[in-house]
Amino acid sequence: MTDYRPRKSHGCEFSRRVRYDRTASEPPSIAVATALAQYRDEDVTEASTRLYDYVDPEALDSLFEATNMGRERTVEQVTFHVGDAVVTVHPDEVIVASN
């Protein structure tokens, strides 16, 4: 996980950004919940954001699973908004950034 904190430089403010590396065995929905909790400085088990209020976790997971025929899907990324954050899910990582 790479955590980028807000900084100010030459009058510009950089937005907060969290990058979470997902293992192959970790469902994307769990990785998103973990990344969002880290983005909000919360414990994932006590997070204030309920993922299913924004996206169907099972549908998200299925986008990155092999097909019924055993073929790998070609999804490169899925992006959606969760409150003030933009969540981008890649096959191997999740990025949460300020909107």
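Visitor: What does arginine 50 form a salt bridge with?
Guide: Aspartate 53. The closest N and O atoms are 2.9 Å apart. Bear in mind that this is a predicted model.

Visitor: Is arginine 50 buried or partly exposed?
Guide: Partly exposed, with a relative accessible area of 45%. Aspartate 53 is partly exposed too, at 43%.

Visitor: How many salt bridges in the whole structure?
Guide: Five. One of them joins arginine 40 and aspartate 84, at 3.1 Å between the closest N and O atoms. That pair links distant parts of the chain, 44 residues apart. Arginine 40 sits in the loop between H1 and helix H2 (57-63), and aspartate 84 in the loop between E5 and E6.

Visitor: Which residues are linked in a network?
Guide: Arg19, Asp21 and Glu93, through salt bridges. The side chains of arginine 19 and aspartate 21 meet at 3.0 Å, N to O.

Visitor: New topic. Which residues touch the most other members of the largest nonpolar core?
Guide: Val32, Leu36, Phe80, Val87, Val89, Val94 and Val96, out of 19 residues in that core. H1 gives the most to this core, with five residues.

Visitor: And what does valine 89 touch?
Guide: Beyond four places in sequence, its contacts include Val32, Leu60, Phe64, Phe80 and Val94.

Visitor: Why does histidine 90 count as buried?
Guide: Because its relative accessible area is 18%, and buried means under 20%. Histidine 90 lies in the loop between E6 and E7. Leaving aside neighbours within four places, histidine 90 contacts Arg22, Phe64, Glu76, Gln77 and Ile95.

Note on methods: Residues numbered from 1 in each chain as written. Predicted model: local features only at pLDDT ≥ 70, side-chain atom pairs only at ≥ 80, totals over all residues. Heavy atoms only, no water. Core = buried A, V, L, I, M, F, W, Y, C linked by side-chain atoms within 4.5 Å. Buried < 20%, exposed > 50% of the residue type's maximum accessible area, 1.4 Å probe, protein only. Helix = DSSP H or I, 4+ residues; strand = E, 2+ residues; numbered from the N terminus. Contact = heavy atoms within 4.5 Å. Salt bridge = Lys/Arg side-chain N within 4 Å of Asp/Glu carboxyl O.
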